[in-house]
Number of protein chains: 2
Amino acid sequence: MDQRISFITLAVADLDATRRFYRDGLGWKPEIDVPGEVLMFRAGERLILSLWDRTACEAEVGPLMSGPGVAPVTIAHNMATPEGVDEVLATAKAAGAPHVQAGVQRDWGGYSGYFSDPDGFRWEVACNPDPGLGAIVLP
Amino acid sequence: MDQRISFITLAVADLDATRRFYRDGLGWKPEIDVPGEVLMFRAGERLILSLWDRTACEAEVGPLMSGPGVAPVTIAHNMATPEGVDEVLATAKAAGAPHVQAGVQRDWGGYSGYFSDPDGFRWEVACNPDPGLGAIVLP
């Protein structure tokens, strides 16, 4: 099995709210937008972020976990500097992220904070000083 | 905010079981392996798949959802042909995936099945005949 991921799909309760947040708030441009069904954004060289209607997802995958608590997954958006992290967190806050955790220095040597999307999925915004990881994930 | 994802992180209960599945079973090569803490695999041009000890994740992110049901996220691995999908599903089954759902024709015109990793995270293995999406996600 090749070592690659093609899609990350998040099951969402209200695609209209999701579109407002990612497209209108964060400024991402949809690749595919089928109202009430699915919204897809290119999120890397060979990667799509897909937001899929929760009911449709359950019909195919089976019953999904629901609260309380945060979904056991995070998505990270890495930046080259702590200032860049703060800027993205400010963008997410202005976009209406229901939860924003300000950037802090981490024990592993980096700086990161979190925001959530309308369904509570956690995005980490991080600056990782490890030059090896930086060389992999930064543009 | 740039339109990109740097990491996808899954919170896992037993990193040793996770390592056996991804490294020994699927044959992926770790980029970083800190026993009991985190396991990272390169999963794209600028993408890392991180498997993070659940307790450490909760300490940083907050209480996580737990069962019953499947985590509301899927990861897809796209292949160029239905035969390729079947081959990856067979690899996952041989690797000890606790759940494998055989490939089937989908209403959207493609062919896909699912497997789960030791924590129940669902991987879709898919062949999508849409030439636009194929051009984005396939090598």
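Visitor: Which strands does α3(B) lie across?

Guide: In this predicted model, α3(B) lies across β5, β6, β7 and β8 of chain B. Its direction is about 175° to β6(B). Helices (H or I, at least four residues) and strands (E, at least two) are DSSP runs, numbered from the N terminus. Angles run from 0 to 180 degrees between N-to-C directions, with axes fitted as lines to C-alpha atoms, for helices over the stretch in contact. Contact means C-beta atoms, placed from the backbone, within 7 Å. Residues count from 1 along each chain as its sequence is written, while chains are lettered from A and ligands numbered from 1 in the order in which they are written. Since you are reading a predicted model, local features need pLDDT of at least 70 and side-chain atom pairs count only at pLDDT 80 or more, while totals for chains, interfaces and linings use all residues.

Visitor: And what does helix α1 of chain A lie across?

Guide: Helix α1 (residues 15-25) of chain A lies across β1 (7-12), β2, β3 (38-44) and β4 (47-53) of chain A, and runs at about 30° to β3(A).

Visitor: In what order do the 8 strands of the open sheet come?

Guide: Strands of a sheet pair through backbone hydrogen bonds, either parallel or antiparallel. Here the order is β2(A)-β3(A)-β4(A)-β1(A)-β5(B)-β8(B)-β7(B)-β6(B), with mixed pairing. The edges are β2 (30-34) of chain A and β6 (100-105) of chain B; each has a single partner strand, so one side of each has no neighbour in the sheet. From one strand to the next, the twist averages 20°.

Visitor: How many bridges join β7 and β8 of chain B?

Guide: Strands pair if DSSP finds at least two bridges between them. Strand β7 (residues 111-116) and strand β8 (residues 122-127) of chain B run antiparallel, joined by 6 bridges. Look for B:Phe115, whose bridge partner in β8(B) is B:Trp123.

Visitor: How many residues does each chain bring to the contact?

Guide: Chain B gives 48 residues and chain A gives 48 residues. On the side of chain B that touches chain A, β5(B) has the largest share, 6 residues. That side divides into 28 nonpolar, 13 polar and 7 charged residues (Ala, Val, Leu, Ile, Met, Phe, Trp, Tyr, Cys and Pro are nonpolar; Asp, Glu, Lys and Arg charged; the others, Gly among them, polar). The copies meet through the same surface, because 100% of the interface residues of chain B are also interface residues in chain A.

Visitor: What rotation superposes chain B on chain A?

Guide: A rotation of 180°, with 0.0 Å of shift along its axis and an RMSD of 0.0 Å. The two copies are therefore related as by a two-fold rotation axis.

Visitor: Which residues of helix α1 of chain B are buried?

Guide: In helix α1 (residues 15-25) of chain B, they are B:Leu15, B:Thr18, B:Phe21 and B:Tyr22. Buried means 20 or more other C-beta atoms within 10 Å of a residue's own, exposed 12 or fewer, partly exposed in between, with C-beta atoms placed from the backbone. These buried residues pack against β1, β3 and β4 of chain B. B:Asp16 and B:Asp24 are exposed, on the face of α1(B) turned away from its buried side.

Visitor: Where is B:Pro68?

Guide: B:Pro68 sits in the loop between α2 and β5 of chain B. Most peptide bonds are trans. A cis peptide bond, with omega about 0°, joins B:Gly67 and B:Pro68.

Key
Contact = placed C-beta atoms within 7 Å. Least-squares fit on C-alpha atoms with pLDDT ≥ 70 in both.
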